[in-house]
Every structure is written in structure tokens, then in C-alpha cells.
Amino acid sequence: MTESQTSRRSPDPLGLADRCSSGVDPATFRAIMGAFPTGVAVITSYDRTGHPRGLTCSALCSVSMDPPLLLLCVNGNSGALRAIRDSAGFVVNFLREGRDWLSQLFASASPDKFSRVAWRRSVATGLPWLSEDTIAHADCQLVSDVEAGDHAILIGLLVSGSAPVHTAQPLLYWQRTYASWPGTETSTVDQTTTVVTTVVPTEPPDNGAADPSPPTHRRYRIP
Ligand SMILES: Cc1cc2nc3c(=O)[nH]c(=O)nc-3n(C[C@H](O)[C@H](O)[C@H](O)COP(=O)(O)O)c2cc1C
């Protein structure tokens, strides 16, 4: 997709600099927004050198049925954001239950996130797809890119994807805690040390595939 086909960034397109001032500090904002439970996705793309890049993302929702659009909000400093802009596309990988380790991996600054996960090229865009650890994926072309504060709102057009089979369960996230539906498994992100500990063993995947997840109780530190 060319730059003219993608609605590109302009400085402060929403005019927020003039209109926005708030007495709410970041911790309060995080606490309020953390009250809203979500699923967890990993957004993947290629950078301009052809290396796969990705980040964990929960600021994600559907936008439109016709055409099929979804949106993500990504920090302006994200390395994966640059890759998404370079490729003018991304894959939304909706994580399966028990993949809290994978969520933490893609939320880290690790330079080789993809060496520890199974992935292949997606059907439509050819972008990286985490095929073994997801319950669904959405293969998207980037059609709009709007700066909003310190994040970018990215709108993607779904050009391909896969929906969950009835046996697949999602990874859930609420108040810095991972869980499974209907709540048989949890792991907590420690507020002060940002260390994650899985406290209940992970079930093997329902499709019979080899489970690539590392042993439970393994700890991941976010750099
Ligand atoms: C559960 C969870 C949800 C997250 N959601 C978002 C999000 O919606 N947008 C975002 O920019 N970062 C989000 N992050 C943080 C990024 O994953 C993190 O900053 C990551 O290091 C970015 O990687 P990159 O710099 O290689 O792109 C989330 C992290 C976690 C653990």
C-alpha cells in the first residue's frame, strides 16, 4: 500500500495540544483504564530490513463491519510501530490461554522475540503470523494512522484471518493480572518489580499440537 493510500500522520491532527490539559496523573489513568478487562494480542509486522517485529497490545477494538476495520493504539516510541508503518500492514494475533509468557516476551525489549515462538507468513499480506499460540488472527492493511497524544491510532482493513474454533480459549488481562476463561488460571504482574509468575500450571493446547510454552513458574522480567 502506498503512502497516498494510507492516511498518514500530521502533527497533532486532533488539535489536542490546544484543547487538552488534565490534572489526572499517569498512575491514576492506568488504574482507571486497568479496571477494563481485555484479551491480549501480539501485533506483528516486518521492518524495512525484513526482520519480524512485534509488540503486545490490549488497546484494540473493532471499528466497522463494512468495510471490516479494527483499530489499535500503539506507543509512539514502539519499535514495532516503525515496522508497521514501513510495511503499511500488521497481523493481530489473539493469544490463547496460558500464553502469558508470550505476552511478556513481546512486551519486553528482547531483540530476538521471534526466535522463541512458532510463526509463518500470513496468507494475504505475507506478514508474520504466530500460528501456534493464537485462537484467531486478523491480517490487516494499514489504512489510517493518526497521532493522539503519545500514541498512534492505527486503523487496519481486514483482508484475511481465522476465527476461533469452539475449543480454543483466550488469554485474558485485568488489573495487570492474566487469566483464562472462565478463570481457572491466573498469573500476576507484580506492581513494583514487574515480574510475572505463573501460579497455576498451564493446560496443553486443545488441538493436540506440541506446546512450545516454557515450564510454568518461569519468571519474566520486563526490562
Ligand atoms: C498486557 C499488555 C498490554 C499492552 N498493551 C499495549 C498497547 O495497547 N499499546 C502499546 O503501545 N503498548 C502496550 N503494551 C506495552 C508494549 O507491549 C511494550 O511497550 C513493548 O515493549 C513494545 O515493544 P516494541 O518497543 O519492541 O515495539 C502492553 C503490554 C502488556 C504486558
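A: The model is predicted, with pLDDT of at least 70 required for local features and 80 or more for side-chain atom pairs, while totals for chains, interfaces and linings use all residues. Residues are numbered from 1 along each chain as its sequence is written.

In total, 18 residues surround the ligand, the closest being T56, A59, N75, S78 and A80 (C-beta, placed from the backbone, within 6 Å). Two or more shell residues come from each of β3, β5 (69–75), α3 (79–87) and α4 (100–106) (DSSP runs numbered from the N terminus: helices H or I, at least four residues; strands E, at least two).

Strand β3, residues 52–57, has 6 of its 6 residues buried (20 or more other C-beta atoms, placed from the backbone, within 10 Å of its own). One side carries P52, G54 and T56, the other R53, L55 and C57, and both faces are covered.

Strand β2 (residues 41–46) pairs with β3 in the antiparallel sense over 6 bridges (pairing needs at least two DSSP bridges). Within that pairing, T56 is the bridge partner of V42. The hairpin has 5 residues between the strands, and G50 takes a positive phi near 90° there.

Seven strands make up an open antiparallel sheet, ordered β3-β2-β6-β9-β10-β5-β4. Its edge strands, β3 and β4 (60–64), each pair on one side only.

Terms used
Buried ≥ 20, exposed ≤ 12 C-beta atoms within 10 Å, placed from the backbone.
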